Amino acid sequence: MAADNSQKEIHWNRTRNLMIVHLTIWFVFSFAVHWFATPLNKISFMNFPLGFYMAAQGSLIVFVVQLFTFAWQQNKIDQETGMAEEE
Amino acid sequence: MSIFRMQGAFIDNLPKIYGFYTGGFIVFIGIMALAEKAGMTADTIGLCFVGFTIVIYALIGWMSRTMQLDAYYVAGRQVPAVFNGMATAADWMSGASFVAMAGGIYMGGHPYLAFVVGWTGGYVLVAVLMAPYLRKFGCYTVPDFIGTRYGGNLARFCAVVVLVVASFTYVTAQINATGTIASRALLVPFGVGIWLGLAGILICSMLGGMRAVTWTQVAQYIVLIVAYLVPVIWMSSKQGFGWFPQLEYGDAVRKIAVLEKTLQVGVLKPPQAVPGLTALTTLHNGPPDTFVGHVRFATLVACMMMGTASLPHILMRYFTTPSVRAARVSVAWSLLFIFMLYFTAPALATFTKLQMLDPSLPTAIIGKALSDVNAHVWVQKWSQVGGLKVIDFNGDGIVQVNEFFMRGDIVVLATPEIAGLPYVISGLVAAGGMAAAMSTADGLLLAIANALSHDLYYKMIDPKADVRHRLIVARVLLVLIGAAGAAVASLRLTGILGAVAWAFDFAMSGLFFPLVLGVWWKRANRAGAIAGMVIGLGVGTWYLYMVYAGGMKPWWGIDHLRFGIIGALASLVSMVVVTLLTPAPDKETQDMVDEVRIPKGQTILGSAH
């Protein structure tokens with residue numbers, strides 16, 4: 001039982017760290033990037049002004065990729081710590 | 001018929017069934033296109049599109065009828081991640097997303113993109129903080145989680161109140177949208193259209209609950225995404241921007257910036273206002289450049305995201321997946337399917353604007369002679385129904401940018417006509433708008449009715465009620481709430497988008513922190529959660545009243561669309577303070593939180609609880 005509890009602790013610590021990493025990325029692309037839209041607009045990306053592009057498309061793509069990565073990473077944590085569901 | 005009886009076989013055959021359905025829909029579009037060539041009128045085409053799709057949804061709803069609790073409340077917990085993703089996308093994308101978003105970007109430019117960012121990024125919060133844990137919990141409704149995690153009927157009741165306030169605000173807007181589209185397509189008055197729309201919504205959800213709503217929402221997603229993408233791709237290839245417009249409209253953005261200078265967009269202001277309509281006065285690519293402007297962008301993003309992660313009709317979709325792992329993957333699929341529409345909306349807004357501004361195109365409006373503008377069929381048609389107005393203030397016979405007034409939400413509906421596409425596309429767009437509004441209304445009505453029947457009636461009023469009674473009560477409530485929603489919608493109190501943003505603000509004010517901290521903070525207790533819900537919703541509502549009707553000046557530009565920021569802050573502070581002032585939850589509750597955090601093992605609440 002004790003071993004199981006320490007596994008649970010490891011699982012939760014890794015889960016929490018993963019949460020912090022993903023919410024940091026989320027914060028950058030939800031808020032930080034758009035705060036600097038005007039200077040970013042001076043840069044051209046695929047012919048778009050970058051500030052506009054990030055709000056209309058760039059951040060969205062980051063979120064989609066991020067979520068598939070998150071699902072994969074969290075699943076890996078669950079399996080490595082023996083906390084995954086039985087199939 | 002038989003495939004729906006044999007659930008296992010049905011689930012295995014999903015790709016085939018919906019593949020067949022999509023093929024059938026495309027054949028139907030082809031038949032309509034031929035019928036148009038043969039001389040069918042635009043009105044008849046619109047009628048066929050909306051009527052045919054509603055009949056299909058009703059059929060799916062009828063075939064999915066059930067008398068089992070698990071099927072009625074959580075679709076039997078066997079919806080595969082990808083299909084749940086599609087259903088969530090339809091559940092999520094409302095009439096406002098479909099009809100009003102591109103129009104909002106057209107009128108509002110860059111600051112309006114806060115909706116696009118907010119309504120996608122919110123899913124990061126759903127996936128990381130909430131959905132997998134709520135799935136592990138095994139609840140039927142969101143108040144079910146609050147009531148069990150914190151214990152006691154008062155906490156459960158508070159959650160029901162927040163849910164009803166947020167979802168009801170939202171559902172009236174959706175019923176309003178179905179009424180608008182139904183009345184136009186079926187050629188009936190708005191008042192009749194609303195009740196027809198409601199009848200369609202109820203047929204999809206009443207007999208089969210969550211199971212029926214799930215399978216109709218998948219069908220509705222397919223219709224709405226086809227209807228959104230086809231006109232944009234067609235228009236883009238017609239203008240020489242290629243077949244993948246989302247990647248290629250950068251040039252159009254730049255071209256608009258040049259045209260805006262010559263046409264004096266933002267310089268010319270309308271000398272007088274036209275009620276309900278607006279002239280274009282903001283630059284397409286004009287990001288906020290003041291501190292308050294930045295705060296307004298960031299707070300709108302934050303409100304839409306935290307609202308996403310608190311709206312019960314979205315969270316409950318993840319109760320239907322077969323496992324915790326599937327719930328997590330399903331959030332990613334949901335976002336991908338939503339992304340398909342949201343990264344197209346700015347492209348649509350940009351192309352439509354270019355059509356109107358670019359003098360070298362035959363569709364140009366601004367800077368053209370008044371007589372030429374009035375000769376456009378779409379201008380005449382939408383003027384008649386009050387969707388736009390041209391007033392030559394300075395009498396020079398030329399339409400300047402400040403002389404052309406339009407209602408933002410006609411952009412999507414009128415785009416096929418503006419670009420000169422055939423009527424079959426307009427019919428398709430009407431069917432798509434109908435699908436978007438119906439699917440969201442279904443999810444919302446079900447969320448409200450399930451909370452009232454499961455949490456209020458069964459858990460609090462009559463815990464001995466048998467399955468048959470519970471399901472009858474659930475259905476009666478569904479009809480009553482739908483009727484109440486339609487009655488309120490027929491009063492036409494606010495524009496579609498105003499009410500939608502409010503729903504997000506209400507939800508985040510009352511539910512965001514009690515839900516998140518219920519999983520992530522073991523110490524959080526009942527008194528804290530109740531304080532968080534009551535004070536959050538109370539302060540949020542007070543602030544809304546003060547800035548909307550009470551004449552108070554908004555703090556740092558936080559206006560009535562963003563009142564959730566104030567409500568959620570009050571909720572967080574009160575929840576933390578009250579929790580720390582009162583004893584920690586008992587060992588049993590803390591162990592329950594430990595169990596929720598790991599996917600392995602039984603759900604906290606058993607099936608048919």
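Predicted model: local features only at pLDDT ≥ 70, side-chain atom pairs only at ≥ 80, totals over all residues.
1. The contact between the domains draws 22 residues from domain 1 of chain B and 13 residues from domain 2 of chain B. On the domain 1 side, at least two residues each come from helix 7 (95-108), helix 12 (209-238), helix 14 and helix 18 (345-357) of chain B, and the most come from helix 7 of chain B, which supplies 6 residues.

2. Sorted by class, the side of domain 1 of chain B that touches domain 2 of chain B holds 11 nonpolar residues, 10 polar residues and 1 charged residue.

3. Turning to the contact between chains, 38 residues of chain A are in contact with 41 residues of chain B. The elements of chain B that give two or more residues to this side are helix 8 (113-137), helix 13 (245-248), helix 14 (250-262), helix 15 (291-308), helix 17 (324-342) and helix 27 (587-597).

4. Helix 17 of chain B gives the most to the side that touches chain A, with 10 residues. By class, that side of chain B comprises 26 nonpolar, 8 polar and 7 charged residues.

5. One element deserves a cross-reference: helix 14 of chain B is listed among the contributors to the side that touches chain A, and helix 14 is also listed for the side of domain 1 that touches domain 2 of chain B.

Notes:
Residues numbered from 1 in each chain as written. Chains lettered and ligands numbered in written order. Contact = placed C-beta atoms within 7 Å. Helix = DSSP H or I, 4+ residues; strand = E, 2+ residues; numbered from the N terminus. Nonpolar A, V, L, I, M, F, W, Y, C, P; charged D, E, K, R; others polar.
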